[in-house]
Amino acid sequence: MTTMWQRLRERDAVLTAGLVMVAVQLVWKYELVRRTFFRQDDFHYIMRGQESGLTWDYLMWVDVGHLLPGGFGISWAMSRLGGYNELLAHATTMTLQAGASLAMLRLLWVLFGPRPAILVPLGLYLITPMTVPSLSWWAAVLETLPLQLALPMALASHVLYVRHGRARHLVAACAWTVFGLLFFVKAAFIPVLMLVVTVFWLAPRGWWRLWRAWVPYAVILSAYAAVFFTGLYGSVQLNDATQTPELPDPGTAAAFAWVLGVRALVPSALGGPWQWRPIGDDYAMAATPEPLAWAGLAVAAVVVAVSLRHRRRAWAAWLTLLFYFLLADVVPVLLGRIEVLGPGVLGHELRYLAATATVVALAAGLAFIPLDGEERPWSRPLPRWRLGWVPLAAVVAAGSVWSVAAYADRPLGRTVRDYVRTAERALSQVPSGTVVLDTYVPPEVAAPVFFHEYARHSKLLGVPRPWPVTWVDELNGPLREPLTFDARGRLRPVTVRGLRVPQRTCVPVGADEVRFRLPAPLPGGVHTAQISYLNAAPTTLAVRLGGPGHAQAAAGKDLGTTYAQVHGQGADLFLRALGPDACVGEIRIGRPAPDEDGPAIPLG
């Protein structure tokens, strides 16, 4: 009776400690999450949700190898619940983080029983900086956190099914696998992990249970593969092309795997990377110092060697982690944008490893902790210094806290938030119908090279509803006081920066061309010409730079300004009137830009 009471007290103590660890971690991570804002893909996903109905084609679009109908469904809802709704985004993130943390506690409890040792791999998962960069990027949250929830939940249900044979556990394992697949293609590896854990660590009471489970697992994976590959080769990307994934050369593949493993995976599993490489103000990649990278590799080798010496089948745990890393983390990137950014950049991206934190914790547990009811777990007696892991755990915990604090020591979402909120306030303060030149937002908000038209102000700021202004892609014809955005998101008058041809008095322009000598020759390309006039009647100007082609610009009566997009090069600008004669004043030619000396909206 006393022994049973002691076990119950130990069980309660472990559960309480685990829940407290989860709660403390949530408070800790919320301090980072609450400072984040939307960035890059986040805006694109919400804009696309606003444009689309909740259709099959919308949900099953494959974005550069990413199939996430669940994430697109959430983005669709977000676009109708206030658009860039920080409160809802942060609540979604923390809810998923809480669910993933509790799921990991449940998996460890199911596998190893309610013993204090499970708090070690649980703590590893909760504090590792491996998951931190993805928490500051909402599009990454929509992929990685649902998988961090689904993987341990599905695996725990599968373990219960293998042990007890109850159909409800099999149904739960299938349901959680499907849930993971709705958000991240890497969830396809969940059944593989189920098989590995069963073969090496579980003793099924009748192998028919395992084969019976694999029928629905195989059906799920087959259906998913059909949908994924159909979308992969059929989805038109933002550059108007379809995808043709192919592996890079072996040297590039090996370099990426090595850098991602040695500079990202191993250091972050041991509390690193300790230093970060900023990508703008709101994101950073791992920048593990080289000496610490090699030291981390040495520590990892010692940890693996100790487990291999004492724990039966520890080799299977580490091989499981290795192959998961190669197949789930390395290969998808090799099929994606590795040729664009290269292994030297992408190899430091912890976002690719966020969901792998669950597998790292699982592998560590399997390599050192006997399963619940396991017989003869040790290949040789444990050494006297069996608590030697305590100093290592303390160092890893301290390094993790340091690394996360170093990541959070940046503006995070403040810069992008200020720009978007300022631009929204500016649009709310101008009269309806105001002409606004539709330029691209700054690259730190949404990079035009990746998001094309979705990086324009009219698109990004048109959520949750369009503004009642007149957007123009280029300046053409007589426009009344057009505005454009400055670097801070304020609206300012448009000016044309480049060359200026001043006039003492207006120059008559009739049916014959009049040459205006430019202060310097212009290179070939498209140039914006701003022409002031004082006309007795409305007319149309033909504007030519160098070559034979000309642009036409309507010019009104009396005093005004008109614009034309001129193709060509040279040091001479030619004008003629296609209707009544005109009288031309100052000419500017170059590129449109905000007038920094003009009034800003809003002020300040």
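The structure holds two cavities of 30 Å³ or more, a cavity being a set of points, on a 1 Å grid over the protein atoms alone, where a 1.4 Å probe fits but cannot get out. Before you select anything, note that this is a predicted model, in which local features need pLDDT of at least 70 and side-chain atom pairs count only at pLDDT 80 or more, while totals for chains, interfaces and linings use all residues. Residues are numbered from 1 along each chain as its sequence is written, and side-chain values use heavy atoms, with hydrogens and water left out.

**The largest cavity**

Begin with T36, F37, A89, H90 and W138, which are the closest to the centre of the largest cavity among the 13 residues that line it; lining residues have an atom within 4 Å of a point. The volume of this cavity is about 90 Å³, where a volume is the space filled by probe spheres set on the points, and grid points are joined across faces, edges and corners. Now select helix 5 (residues 86–112), which gives the most to this lining, with four residues. By class, the lining of the largest cavity has seven nonpolar, four polar and two charged residues; Ala, Val, Leu, Ile, Met, Phe, Trp, Tyr, Cys and Pro count as nonpolar, Asp, Glu, Lys and Arg as charged, and the others, Gly among them, as polar.

**The second largest cavity**

Next, select G280, D281, D282, L412, T415, V416 and E444, which line the second largest cavity. Its volume is about 30 Å³, and its lining divides into two nonpolar, two polar and three charged residues.

**Helix 8**

Move on to residues 138–164, which form helix 8; helices (H or I, at least four residues) and strands (E, at least two) are DSSP runs, numbered from the N terminus. Helix 8 reaches 39 Å from its first C-alpha to its last, close to the 39 Å expected at 1.5 Å a residue, the expected span being 1.5 Å times one less than the number of residues. Of its 27 residues, 25 are buried, that is, under 20% relative accessible area (1.4 Å probe, protein chains only). After helix 8 comes G165, whose phi is positive, near 75 degrees.

Finally, select residues 483–485 and 491–501, strand 5 and strand 6, which run antiparallel and are joined by three bridges; two strands pair if DSSP finds at least two bridges between them. Here T484 stands opposite R492 in strand 6, and in the hairpin, with five residues between the strands, G489 takes a positive phi near 90 degrees. Strand 6 also runs antiparallel to strand 12 (residues 582–594), with eight bridges joining them, and the bridge partner of V501 in strand 12 is I587.

How values were computed: Buried means under 20% relative accessible area, exposed over 50%, partly exposed in between (1.4 Å probe, protein chains only). On a 1 Å grid over the protein atoms alone, a cavity is a set of points where a 1.4 Å probe fits but cannot get out, and a pocket is an open set with protein on both sides within 12 Å along at least five of seven lines; lining residues have an atom within 4 Å of a point.
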